[in-house]
Amino acid sequence: MKFSIKNLAFVAVAATAATLASCSEDDSIQVPNRDPTLTVTNPDGSMSGASIRRANLDPNTAVEFKLVASDADGNIDRFIVERNDILVGIPASDVSLTIDGNVTPLPANPLLILNAEQNGFTKTIRLRSAGAFGDSVKYTFTVRDAEARDAEVNITLVNSVPPTPLQAEIKNVEFYNRAATAARPGAMDLDLGQFRRSDGDTLSEIQDLGNNSDGTWKKTWVAENNTTLRKAPANADYNSLTTEKQLIALYDEAKTDLTASDVIKKGDVYLAKKENRNKYYVILVNDVVDLALNESDKYVISIKQN
């Protein structure tokens, strides 16, 4: 049998019509449902992703994050919060977790998501680190769609190790203008809080500069034996210094190495560092006793050290 061009054209048209008819019998083409997404960032956007780890926190430090959830199908069904892999309960008040400023953030957990938030939402999360040094806490936030597909993020807050305490304070040490046995300016061993003569001594960290030519007392210190001397900032609080970290931070804040102190006054706070031992000291001047025509002039000082 021979087919004419007209016969071939008829066959092609018929095939096309059959294909169209077949498509019309099916429902519209289904786009597969897409998984929800969830990301976490700092409010300033400096960190993002599926997990964040914040380390070296002090106990009970409050830290804020933003959670951004989305679902292109408008299908978010549940919001779930876990602490250390356990569902967060529903307390009357929980200051360790707030959501958008609300200290009772979860009327239920899992929380049913409704209306516009099914498409997505942004929430500000405020968390508080664990209550003791060296401890950590992990929060897991999950969004789940109606087909039980999850997206989750983890936030881990890690506290710093316990701070190293300072040694026992040495209180009310007498630091004389002169060493009576040698008529030399006095010096001070800050490690032991011992008054020493300055000539040839290798154990002292600070030395008094003695008298002016007219016999008046200079009331001035210099550092010696590989020690640097700095004056503490005006707002320094000697009594609040209890840890090595605080002492080193205050020394660093003081910044300027002194060739000589200012004229020493009651209430002054100075800092010293023994360079070859990485040893730090803070010195409080409890009193300055200036006796006219007397070599018994002295400072009364207290010392803290790492």
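# Close-up views of a predicted model

**View 1. Thr142 touches Leu38, Arg78, Phe79, Ile80, Glu82, Asp150, Ala151 and Glu152, leaving aside residues up to four places away in sequence.** Contact here means heavy atoms within 4.5 Å. The model is predicted, and local features need pLDDT of at least 70, side-chain atom pairs count only at pLDDT 80 or more, and totals for chains, interfaces and linings use all residues. Residues are numbered from 1 along each chain as its sequence is written, and side-chain values use heavy atoms, with hydrogens and water left out. Thr142 belongs to strand E10 (residues 136-145); helices (H or I, at least four residues) and strands (E, at least two) are DSSP runs numbered from the N terminus. With a relative accessible area of 4%, Thr142 is buried. Buried means under 20% relative accessible area, exposed over 50%, and partly exposed in between (1.4 Å probe, protein chains only).

**View 2. Phe79 and Phe141 form a stacked aromatic pair, 6.2 Å centre to centre with 15° between the planes.** Rings of Phe, Tyr and Trp (its six-membered ring) pair if their centres lie within 6.5 Å; planes under 30 degrees apart count as stacked, over 60 as edge-to-face and the rest as tilted. Phe79 lies in strand E5 (residues 76-83) and Phe141 in strand E10, so the pair ties together parts that are 62 residues apart in sequence. Phe79 is buried at 0% relative accessible area, and Phe141 is likewise counted as buried at 0%. A search of the whole structure finds 11 aromatic pairs.

**View 3. Five strands form an open sheet in the order E2-E1-E4-E9-E7, with antiparallel pairing.** Strand E2 (48-49) and strand E7 (97-99) are the edge strands, each pairing on one side only. Two strands pair if DSSP finds at least two bridges between them. Three bridges join E7 to strand E9 (residues 120-128), and Leu97 stands opposite Leu127 in E9. Strand E4 (residues 62-70) pairs with E9 over nine bridges.

**View 4. Glu64 forms a salt bridge with Arg126, the closest N and O atoms being 3.3 Å apart.** The pair links distant parts of the chain, with Glu64 in strand E4 and Arg126 in strand E9, 62 residues apart. A salt bridge is a side-chain nitrogen of Lys or Arg within 4 Å of a carboxyl oxygen of Asp or Glu. Glu64 also stands opposite Arg126 in the strand pairing. Glu64 is partly exposed at 34% relative accessibility, and Arg126 is partly exposed at 35%.

**View 5. The side chains of Glu205 and Lys274 meet in a salt bridge of 3.2 Å, N to O.** Glu205 lies in the loop between strand E15 (194-197) and strand E16 (206-208), and Lys274 in strand E19 (residues 269-274), so the pair ties together parts that are 69 residues apart in sequence. Glu205 is buried at 1% relative accessible area, and Lys274 is buried at 5%.
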